[in-house]
Amino acid sequence: MAVEVRSQSAFATAQRRFEAAADVIGMSEDQRCLLREIKRELVVHFPVRQDDGSVRVFTGYRVQHNEARGPVKGGIRYHPSVALDEVRALAMWMTWKCGVVGIPYGGAKGGVDVDPRLLSRNELEHLTRRFASEIAILIGPERDIPAPDLGTDAQIMAWIMDTISMHSGHSVTASVTGKPVDVGGSEGRQEAAGRGVTYLSLEALKYLHIEDETPTVAVQGFGKVGASTARLLTEAGLRVVAVSDSRGGVHNPKGLDLEALLEHRQVRGGVSGFKKAEDVTNEELLALPVTVLVPAANENQITQANADRVQARLVTEAANAAVTPEADRVLHDRGVFLVPDILANAGGVIASYFEWVQDLQAFFWEEEEVNTKLHHIITRAFYDVLHTSVNKRVDMRTAAYVIAVQRVANATTVRGIYP
Ligand code: NAD
């Protein structure tokens with residue numbers, strides 16, 4: 001069964017989720033037919049000289065789903081699973097993500113089919129600059145603004161910004177977000193996605209009246225989002241008992257010493273083998289008896305095959321599409337409260353929006369201001385979604401989609417595309 005679910009088209013899943021929301025809204029076919037399609041997509045094949053002198057050709061993508069609410073925005077992913085279908089789905093999800101939190105962007109996504117861990121720093125820089133040149137015809141502060149995602153980071157964003165600037169003949173800092181602070185990045189951006197996951201988990205626990213003395217947490221994926229979520233939830237008084245990465249996880253029911261674990265990972269290249277905890281598999285981590293489960297790795301992790309083993313009361317879906325539609329139903333029937341991906345990980349794009357605003361104004365904010373504004377926007381969105389869920393008697397994911405899809409449809413109508 002799990003194999004069947006994994007082989008499904010990600011874009012077909014995204015479209016199904018859109019149709020479910022459009023049904024709740026009672027949207028006409030005239031409106032649906034535009035919103036369910038991709039506006040623009042670019043596929044590039046480009047050469048990169050390797051350190052040994054050979055040449056490799058890579059395939060990259062930039063897809064723009066919808067620009068009714070403003071310029072498009074979305075991450076760039078470096079991963080061997082990157083393919084057009086997945087990038088289309090992620091671009092559509094970005095449209096809804098920006099819509100549900102009410103920031104003035106449409107959705108885009110990009111990526112390169114590559115395992116960045118197998119490249120030297122020199123090769124990574126060349127690949128990034130060449131890819132940025134290839135997609136430069138689409139990129140710019142008023143048009144399309146990339147950001148980091150799986151397998152990319154602030155350094156890669158700096159190289160992209162520098163390449164776009166070389167094409168323009170002047171610095172265009174607002175062309176990319178998630179950059180280092182030294183080149184127009186925003187304070188607080190680095191951990192904003194994890195901070196959003198943290199704010200929402202705390203808000204959901206409050207709403208659920210979860211009485212556990214110290215709620216426990218398992219985080220799947222100990223990357224940019226997962227590691228900052230684990231740290232911030234610990235700071236908020238929760239006990240993080242398990243984390244994992246692609247090679248496996250570690251579990252200590254008394255709580256993990258995250259600083260020691262980060263040092264261990266630095267030396268060993270992964271969290272497994274940490275001596276102050278037991279090793280667990282990723283599958284075992286998802287089924288641990290914890291209060292909060294945060295999937296923060298990649299797609300299709302909680303499926304029909306394992307959703308009935310999830311023991312958490314709350315799932316905060318930090319990774320895009322970590323929970324499949326079939327698993328959604330199982331979790332919902334079992335009373336597991338889900339904060340869906342388009343809301344759960346929106347902290348990243350909200351802080352990216354702040355970075356873009358600061359770059360355009362060349363006026364930079366203190367981190368406290370970034371965090372306060374992030375908290376305000378994401379908490380308001382949480383209660384918007386919750387109220388829609390209760391009023392329309394739909395699950396949290398459908399409610400988030402209903403708000404987002406309605407906002408994009410409104411913008412489309414007001415702009416006068418429909419006769
Ligand atoms: P990252 O590359 O920094 O980290 C990913 C982590 O997941 C790594 O620890 C990796 O080892 C682990 N991982 C990969 N495959 C795994 C598997 N099968 N099982 C367990 N662990 C696995 O990526 P990130 O930026 O933290 O992104 C994580 C998720 O959050 C992605 O879905 C991404 O789209 C989403 N997201 C990221 C941001 C952002 O600002 N970085 C914003 C919004 C959403």
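Where is the place of alanine 321? Alanine 321 sits in the loop between E11 and H11. This is a predicted model, in which local features need pLDDT of at least 70, side-chain atom pairs count only at pLDDT 80 or more, and totals for chains, interfaces and linings use all residues. Residues are numbered from 1 along each chain as its sequence is written, and side-chain values use heavy atoms, leaving out hydrogens and water.

**View 1. Two alanines with positive phi.** Alanine 321 is not a glycine, yet its phi is positive, about 55 degrees. Its relative accessibility is 7%, so alanine 321 counts as buried (buried: under 20% relative accessible area; exposed: over 50%; partly exposed: in between; 1.4 Å probe, protein chains only). Alanine 362 also is not a glycine and has a positive phi, about 50 degrees. Alanine 362 lies in the loop between helix H13 (347-361) and helix H14 (367-392). Here the relative accessibility is 59%, so alanine 362 counts as exposed. Helices (H or I, at least four residues) and strands (E, at least two) are DSSP runs, numbered from the N terminus.

**View 2. Helix H11 and the glycine after it.** Helix H11 covers residues 325-333. Its buried residues are Pro325, Glu326, Ala327, Asp328 and Leu331. Glycine 335 follows H11, with a positive phi near 80 degrees.

**View 3. An open sheet of 7 strands.** The strand order is E9-E8-E7-E6-E10-E11-E12, and the pairing is mixed. Two strands pair if DSSP finds at least two bridges between them. The edge strands, E9 (278-280) and E12 (337-339), each pair on one side only. Strand E11 (residues 314-316) runs parallel to E12, joined by 3 bridges. Valine 315 has leucine 338 in E12 as its bridge partner.

**View 4. The largest nonpolar core.** This core has 91 residues. Trp96 and Val243 have the most contacts inside it. A nonpolar core is a set of buried Ala, Val, Leu, Ile, Met, Phe, Trp, Tyr and Cys residues joined through side-chain atoms within 4.5 Å. Not counting residues up to four places away in sequence, valine 243 touches Val219, Phe222, Ala230, Gly249, Val250, Leu256, Leu261, Val271 and Leu285 (contact: heavy atoms within 4.5 Å). Another core lies apart from the largest one. That core has 25 residues, among them Phe46, Ile76, Ala132 and Met161.
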